[in-house]
Amino acid sequence: DGSKKTLGVMLEGGYEFKTGSRELMEIHSGKLNFKIANDKDWTLITEGMDFNIPKNSSFYVEVLKLVNYTCSYFDD
């Protein structure tokens, strides 16, 4: 259908990511804290949850328990 996705695993630790397009992160297993750059508050994300990231931004994750995820990319 032309959709763009990645599947991945994140080990415990802290990471920063930059986006070019809007993204949807779906968490299949594990646990992490998430925040968009410049936000004050972290959000706890666990198995079965998802979160959106705006295009042309950056975000931080702190993986608390090994994470399996799907990331979908959108051109809008």
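**Ground rules.** I worked with a predicted model, in which local features need pLDDT of at least 70, side-chain atom pairs count only at pLDDT 80 or more, and totals for chains, interfaces and linings use all residues. Residues are numbered from 1 along each chain as its sequence is written, and side-chain values use heavy atoms, with hydrogens and water left out.

**Salt bridges.** I looked up the salt bridges (a side-chain nitrogen of Lys or Arg within 4 Å of a carboxyl oxygen of Asp or Glu) and found three in the structure. D75 pairs with K4, with the closest N and O atoms 3.7 Å apart. Since D75 lies in the segment after β6 and K4 in strand β1 (residues 4-10), this pair ties together parts that are 71 residues apart in sequence; strands here are DSSP runs (E, at least two residues), numbered from the N terminus. R22 forms a salt bridge with D76, the closest N and O atoms being 2.9 Å apart. R22 is in strand β3 and D76 in the segment after β6, so parts 54 residues apart in sequence are tied together. I also noted E16 and K18, whose side chains meet at 3.5 Å, N to O.

For accessibility I used relative accessible area (buried under 20%, exposed over 50%, partly exposed in between, with a 1.4 Å probe and protein chains only). D75 is exposed at 67%, whereas K4 is partly exposed at 46%; likewise D76 is exposed at 53%, while R22 is partly exposed at 28%.

**S72.** I then turned to S72, which sits in strand β6 and is buried, with a relative accessible area of 3%. Its contacts (heavy atoms within 4.5 Å), not counting residues up to four places away in sequence, are K4, K5, R22, E23, L24 and E26. Between side chains, S72 makes a polar contact with K5 at 2.9 Å; the term means a pair of N or O atoms within 3.5 Å, where within protein one must be able to donate a hydrogen and the other to accept it, and residues adjacent in sequence count only if both atoms are side-chain atoms.

**Positive phi.** Most residues other than glycine have a negative phi, and I recorded N38, with phi near 75°, and N56, with phi near 55°. N38 is in the loop between β3 (22-36) and β4 (43-46) and is exposed at 81%; N56 is in the loop between β5 (50-53) and β6 and is exposed at 60%.

How values were computed
Helix = DSSP H or I, 4+ residues; strand = E, 2+ residues; numbered from the N terminus.
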